[in-house]
Amino acid sequence: MTHVMGWHRDDVGELTCSTSAELGRKPLEERRPPTDPVAYHGRQGIITHWWSSTNRSSVVCGSLRRTRVAMALDFDRTVVRFSGEPLELHWQTGKTKHRWRPDFVARTAEGHRAVVVVPPHKPGPQWRMRLSVLHEVAQQADWQVQERPVPRGVRLANLEWAAEFRQPYPVSREEEGALLAAFTRRRPVLEGVAASGLPHLSGLDLAWRLVWQQRLLVDWDVPLLPTALARAAGARR
């Protein structure tokens, strides 16, 4: 078994290190990176951030690929909190020292902690070694390990569109109720907005917000256009 230490920030933001077993008690999904964030898998690049509607704060991302996975985590209703690069693992093989930051740490609605990693385009020996070490740590820390691919194609385009409406926005319960009542059956988004009696533009804006919140359900494999079919969550198909 590989001897691994994890560097992270403590409750007051100071840098500290923990054994694999100790890491299981650390709420890393609430922590900032231990030092300045790094670009994706050591590549040079601009460090990006994703404003998370789940956290109501920014999450560090090291690349556009990570940002897209952060968007998918933000949309995932089973995730209640997540952070970017809050942990740096250190270990040694022979005379070679290694260090690596898994992409995200998340907490699920069931109370589990998951380490989320974004597989590289072409996984090689280094990736397989890192993943093996991570699974060892996860076993001792009682974590889950999730490999999350980057969203692509129509699903990516739909998520990017819906995510534009993730920011908090004041809406009355009466307006929400009127719109949801118009989608008790599957119908085109535009048709439902018209049936709700809300003004066209504000009603359409609210519809997309409810899609992001998954209170209006759509087919994510179909382009998310105003003609896309939607129904209220809990309504009959």
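Where is R166 found? R166 lies in the loop between helix 4 (153-163) and helix 5 (173-181), helices being DSSP runs of H or I with at least four residues and strands DSSP runs of E with at least two, both numbered from the N terminus. The model is predicted, so local features need pLDDT of at least 70 and side-chain atom pairs count only at pLDDT 80 or more, while totals for chains, interfaces and linings use all residues. Residues are numbered from 1 along each chain as its sequence is written, and side-chain values use heavy atoms, with hydrogens and water left out.

R166 is buried but has no salt bridge. Buried means under 20% relative accessible area, exposed over 50% and partly exposed in between, with a 1.4 Å probe and protein chains only. A salt bridge requires a side-chain nitrogen of Lys or Arg within 4 Å of a carboxyl oxygen of Asp or Glu. For R166, the nearest side chain of opposite charge is that of D74, 4.2 Å away; Lys and Arg count as positive and Asp and Glu as negative, with His and the chain ends not counted. The R166 side chain reaches the backbone oxygen of W51 at 2.8 Å and the backbone oxygen of A163 at 2.8 Å. Apart from neighbours within four places in sequence, R166 is in contact (heavy atoms within 4.5 Å) with W50, W51, S53, D74 and W212.

W212 is also one of the buried residues of helix 7, which comprises residues 200-212. Other buried residues of this helix include L204, L206, W208 and R209. Among the elements that cover the buried residues of helix 7 are helix 2 (64-75), helix 6 (189-196) and strand 12 (216-218). Helix 7 is followed by Q214, whose phi is positive, near 60 degrees.

The structure holds 6 aromatic pairs. Rings of Phe, Tyr and Trp (its six-membered ring) pair if their centres lie within 6.5 Å; planes under 30 degrees apart count as stacked, over 60 as edge-to-face and the rest as tilted. The ring centres of F82 and F104 are 6.2 Å apart and the planes stand at 70 degrees, so this pair is edge-to-face. F82 belongs to strand 5 (residues 79-84) and F104 to strand 8 (residues 104-108), 22 residues apart. Both F82 and F104 are buried. W100 and W127 form another edge-to-face pair, 6.0 Å centre to centre with 80 degrees between the planes. F75, W212 and W220 form one aromatic cluster.

Key: Polar contact = N/O pair within 3.5 Å; in protein donor to acceptor, adjacent residues only side chain to side chain. Expected span 1.5 Å × (residues − 1).
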